[in-house]
Amino acid sequence: MFVLTVDQEGSRTRGDQVDDLLTRLRARTDLDVGAPGVAAAFERTVGDEVQCVLSDAGLALDVALAILRWGGWTIGIGAGPVHEPLPASSRAGSGLAFVLARDAVTQAKSRLRPVPLVVRGTNAGCAQDAEALLVLLGTLVRRRTAAGWQAVDASRSAGEHRQEDVARALGVTQQAVSQRLRSALWSEELAARPLAVRLLDAAAGGPDPCA
C-alpha cells in the first residue's frame with residue numbers, strides 16, 4: 001500500500017488551502033472512493049494536512065506529480081503494509097505505511113530539499129531510489145512552462161490521436177507542438193515513469209527491479 005500524507009507549506013501566510021486542494025483532487029474520477037487503486041480517498045486529517053491510501057503505485061506517482069505541479073505542498077509517501085481491513089476514513093488507519101508516511105512528510109519539510117517530496121518504504125534502498133527518481137521528475141514538472149503544460153495536457157487528452165490533431169486543438173502548428181513537447185521533456189518523463197512505478201512497488205516490498 002501507499003499512504004500519501006500531504007501538508008501545506010506556509011499556511012500561516014497563505015491561509016488554509018486544504019479545501020481548494022481537495023476540490024482539485026476530487027475532480028479526478030480516478031481518485032473517487034471505490035475507484036481502482038483507491039483504498040481510502042483523500043480527506044483532511046488534521047490541520048492543513050490531507051491523506052489517502054492507494055494500492056496502485058502508478059496512481060501514487062501520478063497524484064504526487066500533480067500536487068508538485070500545483071505547488072505549495074510537501075508530500076510524504078509511505079510504501080508498505082497497513083492494518084486491514086482499512087477503516088472508511090484514513091484518519092483511523094494504522095500500520096507501517098502510515099508511520100513511514102508521517103516520517104516522510106516531516107523530512108520533506110526541510111528547506112534543503114529542492115523538491116518537497118520524500119519516500120519511505122519497507123525496502124529502504126528501493127525507497128531511496130524511488131525518491132531520487134521522483135525528485136528528478138518533480139523538478140521537471142515544476143520547471144515546465146505554461147506553453148509546455150498546454151502541449152502536454154493536450155497530448156494526454158488526445159491519447160492515440162496524431163500530433164496534428166493536438167496542433168489543431170491548440171490552434172498552433174504541428175511543429176510548434178513538437179517543439180513544446182521537446183522543451184517540456186515529455187518523452188523523457190514518459191520513459192522514466194515505468195521505472196518510478198517499479199521502484200515504488202519495490203519500496204513497498206515488491207520485487208526489486210534492480211536485483
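**Exercise 1. Find the salt-bridge partner of Asp103 and say which elements the pair joins.**

Step 1. Apply the criterion: a salt bridge is a side-chain nitrogen of Lys or Arg within 4 Å of a carboxyl oxygen of Asp or Glu.
Step 2. Asp103 pairs with Arg120, with 3.2 Å between the closest N and O atoms.
Step 3. Asp103 sits in helix α4 and Arg120 in strand β5, so the bridge ties together parts 17 residues apart in sequence. Helices (H or I, at least four residues) and strands (E, at least two) are DSSP runs, numbered from the N terminus.
Step 4. Check accessibility. Buried means under 20% relative accessible area, exposed over 50%, and partly exposed in between (1.4 Å probe, protein chains only). Asp103 is partly exposed at 34%. Arg120 is partly exposed too, at 24%.

A note on the model: it is predicted, so local features need pLDDT of at least 70, side-chain atom pairs count only at pLDDT 80 or more, and totals for chains, interfaces and linings use all residues. Residues are numbered from 1 along each chain as its sequence is written, and side-chain values use heavy atoms, with hydrogens and water left out.

**Exercise 2. Trace the salt bridge between Asp7 and Lys109.**

Step 1. The N to O distance is 2.7 Å.
Step 2. Asp7 belongs to strand β1 (residues 2–8), and Lys109 to the loop between α4 (96–108) and β5 (117–121), so the bridge ties together parts 102 residues apart in sequence.
Step 3. Compare the ends. Asp7 is buried at 9%, whereas Lys109 is partly exposed at 42%.

**Exercise 3. How many salt bridges are there, and which residues are linked in a network?**

Step 1. The count comes to 16 salt bridges.
Step 2. The network links Arg28, Asp30, Asp62, Arg144, Arg156, Glu189 and Arg193.

**Exercise 4. Describe the largest pocket.**

Step 1. On a 1 Å grid over the protein atoms alone, a pocket is an open set of points where a 1.4 Å probe fits, with protein on both sides within 12 Å along at least five of seven lines; lining residues have an atom within 4 Å of a point. Grid points are joined across faces, edges and corners, and a volume is the space filled by probe spheres set on the points.
Step 2. The volume is about 250 Å³.
Step 3. The lining has 16 residues, and Leu140, Arg144, Ser183, Ala184 and Leu185 are the closest to the centre.
Step 4. Helix α5 gives the largest share, 6 residues.

**Exercise 5. What is the volume of the second largest pocket, and which element gives the largest share of its lining?**

Step 1. The volume is about 190 Å³.
Step 2. The largest share, 5 residues, comes from α3.
Step 3. Arg28, Asp62, Arg156, Glu189 and Arg193 are among the lining residues.
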